[in-house]
Structure formats: C-alpha cells, structure tokens
Amino acid sequence: MADATVIKPDLDFVKGIIASGGESLKKCYQCATCSVVCNVTPDNKPFPRKEMVWAQWGLKEKFIGNPDVWLCHQCNDCTVYCPRGAKPGEVLGAIRKQSIQQYSAPGFMTRLVNNKKFVPILFLFPAVLFAIVLSAAGTFHIPGGEIVFSKFFSVHLIDPIFAAAFFFGIGVGILGITKFWRDMCQACRNDSIPSGVTTGDLKGSIIETIKEILSHNKFKDCVVSRDRYLAHFLVFYSFIALGITTALAVFYLYILKIESPYSLITPLKLIGNIGAIALFVGINLMVINRFKNAGKVGIGSYFDWLLIFIIYVIVVSGILSELTRLADIAGLAYPIYFIHLVFVFSLFLYLPYSKLAHLFYRTTAICYAKYSKRQ
Amino acid sequence: MVEEKRILVVGGGISGISAAVDAAEVGYDVTLIEKNPHLGGRVAQLNKYFPKLCPPNCGLEINFRRIKNNPRIKIYTLAEVEKISGSEGDFDVTVKLNPRYVNENCTACRACVEVCPIERPNEFNFGMDKTKAVYLPQDFAFPLRYVIDDKLCKKAECAKCVEACTYNAIDLNMKVQSLSLKVGSIVWATGWKPYDAAKIDNLGFGKYQNVITNMMLERLAAQNGPTNGKILRPSDGREVSRVAFVQCAGSRDENHLPYCSYVCCLASIKQASYIREQYPDAQVIIFYIDIRTPGRYEKVYLKAQKDEKIKFIKGKVAKIEEDPATKDLTVTAEDTLSAQKIHEKFDLVVLATGMAPTTREWKIPANVSYDVDGFITSSPEIGGMYAVGCALKPLDVYSSIQSSTAAALKAIQSLVRR
C-alpha cells in the first residue's frame with residue numbers, strides 16, 4: 001500500500017452543504033445517471049457525479065478553483081432522473097453557496113446573508129441608516145403638496161449612498177472572481193480539475209461568454225425545466241433595462257440638469273416601466289416554475305428564496321410607489337417608496353453574498369471553460 | 001373421520017410446483033391452481049439457467065412427471081382465486097375456472113391450428129411472434145393441450161376448428177365455472193412480472209425496435225422461441241455482432257423499482273456467455289452500477305471477466321438514441337472509473353429489466369400484508385398462508401425452491417397442528 005491515498009475529509013464542509021439545501025447528498029450511489037442526462041456537462045470528466053462523491057467525502061480542496069459547479073445551470077434533469085433522490089442539482093446549488101462564501105470576502109457576510117435568523121438585521125440595517133440620514137436632513141416625514149419623491153429622500157442623498165453600496169458589491173465580486181480565476185488556473189496546472197490548456201484565447205473567450213449569456217442558449221438545453229429559459233430571460237433583460245434607466249437618470253440629473261419626476265413618455269420612463277413589467281412577469285414565472293417542479297425537485301433552499309424575495313419586493317414596491325404617486329396618495333406613496341429603497345440598497349450591498357453572486361462566478365467559470373477549452 | 005384438509009398452492013411456476021410436489025410426496029393432498037393455460041411460469045420462458053447454463057425444461061419435466069405420478073396433486077389451469085374466508089386449518093376458497101374450450105380428448109395434433117383464420121400476438125414470446133386464436137401455449141406445455149383465446153375467437157360464427165378436430169376435443173360452449181375448495185393452508189406462489197420497460201422513458205424501449213428486455217432475449221435465444229434460437233435483431237433480422245447490456249433498467253431506482261432485483265447481473269452475464277458461444281465474433285459490453293453476484297455466483301462473474309470480448313463498464317446507461325436509417329443504437333454512459341462520458345454504438349441493446357411482484361398490481365382477496373414494494377410479507381397477517389419464491393422477494397430459481405420446501409412444511413403444520 002505504498003501509494004495509498006489518505007483522505008482527509010472536511011466534515012464541516014459536508015455539514016455546510018447538508019445544511020444549505022443539500023440534505024439529500026448522502027443518498028448518491030455513484031451510478032452516473034446525472035452526468036449522462038445532463039445536456040450542459042462536458043464529456044471529459046463530466047459533472048455532477050464526481051462532485052457528488054467529492055462532497056460526500058468532504059474533499060473540500062477539490063472544489064477550490066473548480067469551474068464545473070458553476071457550469072451547472074441547475075436544470076435539474078439530473079435530479080428528476082436520479083434513481084436515489086439524491087438531487088444532484090440541489091446539491092450543486094448548495095456547493096455553489098459554499099463557493100460564494102469562500103470567494104466573496106469577508107466570508108462571514110455570506111453566512112450572515114444566508115442565515116434565516118439574521119433576516120431582520122439585513123433589512124433593518126438600511127432602514128435605520130436611511131431613517132438617520134433623513135432625520136438629519138430633516139425630511140423624515142410625509143411631505144405636503146404634489147408627490148415628488150425627492151422632497152422625501154433627495155436624489156442628491158440617494159446617489160452617494162446607493163453608489164457606495166453598488167460599488168462595494170461590485171468591488172467584492174471582482175476581488176472574488178480574481179481569486180477564483182487564479183485558483184482555476186492553479187487547479188488546472190495541478191491537474192486536479194479537468195481542464196485543457198491554460199493558454200487559451202482570453203479575448204475570444206470573453207466575447208463568446210457574453211454571446212452565450214445574452215442568447216441564454218444554455219437554458220434551452222434543459223429538458224425538465226425548459227420553462228426557466230423565459231423566466232430567466234425576462235429577469236435578466238429587465239435588469240439590463242433598469243440599469244439603463246438608472247444610467248439615463250444620472251444623465252438627466254447631472255448632465256441635462258433635469259430633476260425628477262419625469263414625464264411618462266420620456267425614454268427613461270418608457271424603458272424603466274417596460275423593465276418593471278418584464279421583471280414582474282419574470283419573477284412570477286420563476287416562482288411558478290419552482291412550484292411546478294416541487295414534487296421531484298423540492299422548492300429550493302432559503303438561499304434561493306431570499307433572492308427571489310428581495311427582487312419580488314423591489315418590483316412590487318417599485319410599481320406600487322409609481323402608481324400611488326400617480327394616484328396622488330401621499331400616505332401610501334412615500335412609505336412604499338421607502339421600502340423600495342431599502343430593498344434596492346440590500347440588493348446592491350448583498351450582491352456578492354447572495355445567490356445573485358452567480359453573475360460574477362458563473363460568468364467567470366463559463367469564460368474559463370472556454371479559455372481552457374473544457375469540453 | 002372428517003375429510004382430510006388439503007393444501008392450496010396458488011401459482012404453477014417453479015415455486016408453486018415445488019411446494020405442491022414436496023407436500024404431496026410426504027402424503028398430503030394438494031390442489032395447485034394456475035391462471036395461465038399451462039404450468040411452468042417464468043422458468044418455462046428461460047433459455048438457460050445460471051450458473052450451469054442448462055436448459056430449464058429438464059428441471060420442469062422432472063417435476064411434471066412427479067405431478068403426473070402423484071394422485072394427491074390436483075391441478076387446475078386457467079384458474080384464479082376469487083374469494084377466501086375462514087382461518088388457519090379451515091379456509092373456504094372459491095376459485096374461478098376460465099373456459100379452455102378444449103377438453104381432455106385433445107392430442108395436440110395441430111389440425112385446429114391449420115384451419116383457424118385468426119392470429120394473436122404470442123405473449124409467451126413477448127409478442128415477438130404470433131399464434132392462432134387456437135394455440136398450444138408453448139412446445140413443452142403441461143398439460144399438453146390446446147386452448148382458445150376467447151377474446152379473439154369468433155366461436156360459433158366460425159367454428160372451423162370444431163369441424164377439423166377428429167377427436168371431438170373442441171367445445172366452444174364451455175362456460176366459466178366456479179370451484180369451492182376446503183383447504184387448511186394456502187401457499188402463495190404468485191410470482192413476478194418483468195417491469196414494464198416502456199416506463200423508463202430515457203431508454204427507448206417500445207420506441208426503438210432493437211432495444212429489448214432480458215426476458216425477450218431469453219425467448220430469442222431459446223430453441224423453441226420465435227427465431228428458433230437465433231439471436232436476430234428485431235428491426236432487420238440480422239445476427240447480432242455488438243450487444244450492450246443495461247443493468248438496473250428500472251431496478252434500484254426510486255422512480256421505478258426501488259429494490260435490487262437480485263438476478264439481473266447474473267442473467268446478463270449468463271446471456272453474454274451464450275451470445276459469445278453462439279457468435280464467437282460478437283462483442284458484449286455490460287454497463288453496471290455494481291455487479292451483484294451473491295455467494296458462489298461470484299465465480300460466474302470471474303469467468304466472464306476472463307473473456308476478452310465481454311467488457312464491463314462501471315456507469316449506468318441513462319440515454320439511448322437510435323440512428324433512424326440503420327436502426328443502430330448509440331448508448332451513453334459515464335465510465336466512472338475514467339470519468340469519461342462515452343457514446344458507444346450497438347446493434348442490439350438488452351435492458352436488464354427487474355422483477356415486479358405480481359401482487360404489485362393484483363391483490364389477493366384476503367387480508368394479506370405486503371411490503372412497500374408489493375411483495376407479500378414473510379408473515380402474512382393471516383395464519384396458514386405462506387408466500388414463496390418471487391412473491392416474497394426477488395430470488396433466483398435455486399433460492400425460490402428452498403423457500404417452497406420451507407413453506408410446504410409450514411403448510412403441513414397448519415393442517416396437523418392442533
């Protein structure tokens with residue numbers, strides 16, 4: 001037994017996966033049905049079968065710099081065909097959460113964001129922060145006259161606060177993916193992770209990755225949950241539309257020097273309102289799809305639902321604050337607007353720690369897979 | 001002196017026959033009922049037994065002779081249990097006797113078959129050939145007597161067979177009869193059915209002609225089967241050259257049969273061996289999760305591993321695709337030892353389909369308890385009832401017969417224990 005391998009299981013890692021939606025992990029008996037029915041996995045060292053045994057054995061180091069858990073789109077074809085109810089799709093989702101925790105510094109933030117116990121703190125923090133800021137500005141009350149949100153929470157206060165949260169989130173994400181990329185290159189050199197060459201075409205890979213994401217083609221490879229294509233497509237493009245709206249608002253305010261509220265027929269309002277409607281439809285489809293597959297797949301973990309909840313509150317409060325403003329119901333419009341801002345701020349601040357962090361890590365993993373010619 | 005109670009054995013496969021013969025040969029009266037028109041059950045459909053690869057008909061013939069020579073055994077074919085009342089030592093059982101339309105005069109001369117104008121799929125060969133509406137259930141049928149399929153026969157409207165029969169053996173006016181039995185104990189030898197492979201939607205059975213089940217292969221390979229023992233692929237009748245076995249097709253799968261069917265690994269190794277014997281150039285790949293060859297059967301596995309044309313790949317097949325032009329099949333699995341997804345082409349794919357207990361769908365008309373999978377539990381609620389063979393759990397023939405001998409003793413105890 002000179003070449004015996006000593007396995008050093010990390011039991012906390014296993015417990016972490018089991019605690020965050022991967023409770024079925026230990027049922028896997030390695031038949032590899034999952035790797036075969038998956039339409040997005042490569043032929044060489046396919047996922048998710050190998051990830052299942054690594055996770056069962058607590059081989060945490062195998063996941064360092066592993067792009068595969070992020071190449072998984074959680075179609076759940078594997079879960080539906082799994083003969084043991086081991087739910088590889090859900091387990092990989094739980095492993096991704098561990099991966100976010102590992103790469104999005106500081107690590108405790110992911111634990112905080114994804115622990116049910118702390119949910120009041122998550123939203124109380126921005127609410128209290130805003131209350132203090134508004135009290136200091138002397139506008140923490142419902143203003144009289146025509147409803148203009150800026151009278152309550154001045155855009156000149158919103159912009160620095162929200163920009164700080166946004167760039168904090170983006171910054172943490174970029175640091176995370178930098179580390180992730182380094183680990184992937186390292187793992188590839190050590191040959192512990194299946195990849196091809198490391199000297200690929202980076203620029204070409206980035207372009208291919210962007211094309212793939214914009215087209216949403218991978219979602220069409222899912223069989224059981226093909227409906228997710230439309231849901232994710234709507235949510236994705238509504239985020240882009242709302243991002244453009246925000247950029248336009250900055251342009252109107254600081255370049256054109258026009259203060260809100262804007263007419264409903266300006267490009268800014270048109271794009272914003274279409275985005276809001278698309279987001280409302282998309283997020284509802286996501287919820288419906290989850291219940292449709294619940295029988296076999298389960299409805300998902302707290303991690304999944306927290307993000308859905310934040311987006312849901314944002315879109316509903318956003319639409320309602322606009323409607324109540326137009327209907328001139330000040331007593332409702334301002335409080336709803338306040339809630340809206342609390343949740344938008346939360347989305348930005350918790351971006352690298354919530355499920356939304358997938359926009360950093362999955363994009364990077366897809367790009368690395370192309371770069372290293374993983375197939 | 002009161003009339004001595006009998007033992008009722010329900011099911012005329014190898015388990016039921018064994019229990020009946022064992023009890024009768026120690027001096028107890030036995031009634032054996034079988035719902036098919038012939039005895040022998042699933043074993044009669046097999047080409048060869050493992051591990052010795054001998055034909056099952058010799059074993060069945062010995063038992064049929066023991067039945068014929070023993071006046072204590074009374075047999076009813078086309079018979080089904082309808083009602084049961086009473087308790088251990090004193091059961092009243094009503095049995096429904098379906099009409100055969102052919103009486104004891106039949107000599108199996110085939111004159112009726114020649115004139116019969118109606119064809120039916122032959123379920124003994126899993127629909128791979130046809131018989132006439134009047135047919136001999138199989139070449140080695142016991143009792144050796146024809147039977148008429150009354151779902152298709154036009155009876156008096158046609159009656160050509162009645163005319164053709166020179167022995168006065170056909171009576172198209174036979175009706176369903178009822179039989180009342182007083183028995184002291186009941187042995188349930190209700191057996192199994194191959195799991196319906198069409199329910200495994202990713203393996204293409206029923207969609208692709210050259211995807212067949214392991215039981216179908218037994219019939220293809222059997223001398224008395226639809227191809228007289230030649231293993232020809234269904235789409236074009238070509239002899240096979242590259243065959244895949246898909247283990248655990250439906251078994252060990254909570255979407256189908258959650259348990260291991262116990263015999264399929266050995267059955268596939270057996271089948272691979274006889275394919276190799278018959279076609280020395282043929283290649284066989286057995287795709288498996290774990291090869292399960294309990295006890296001494298390990299030797300069968302070790303022997304097959306030495307054959308360079310039988311390859312074992314650890315990884316379950318979860319996708320089968322057909323080339324519409326050639327009807328060849330591409331099988332996809334992950335070879336888990338090398339972690340490579342492989343796509344291999346075959347001209348025949350055999351699904352090692354598992355065993356579903358007959359009592360999965362059909363329930364005994366008495367308060368018998370079943371496990372979650374539909375097998376009869378080893379201690380049914382009611383005393384005096386004993387399950388044997390594959391009614392109890394998935395078993396090989398050898399272990400089924402052991403369970404039958406054990407149940408025969410218990411059934412006798414139920415008669416004499418006071």
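Helices (H or I, at least four residues) and strands (E, at least two) are DSSP runs, numbered from the N terminus. This is a predicted model, where local features need pLDDT of at least 70, side-chain atom pairs count only at pLDDT 80 or more, and totals for chains, interfaces and linings use all residues. Residues are numbered from 1 along each chain as its sequence is written, and chains are lettered from A in the order in which they are written.

**View 1. Y101(B) sits in a loop of chain B.** Look for Y101(B) between β5 (90-97) and α4 (111-115). With a relative accessibility of 4%, Y101(B) counts as buried (under 20% relative accessible area; exposed is over 50%, partly exposed in between; 1.4 Å probe, protein chains only).

View 2. As for V134(B), 33 residues away in sequence, its C-alpha lies 9.3 Å from that of Y101(B).

**View 3. Two helices of chain A mark the ends of its confidence range by element.** Helix α14 (residues 294-297) of chain A has the lowest mean pLDDT, 84, while helix α2 (residues 33-37) has the highest, 98. That score is the predictor's confidence in each residue, from 0 to 100. Over chain A the mean is 92, with 97% of residues at 70 or more.

**View 4. Chain A has 17 helices and 0 strands to zoom in on.** Of its 375 residues, 51% count as buried.

Terms used: Side-chain values use heavy atoms; hydrogens and water are left out.
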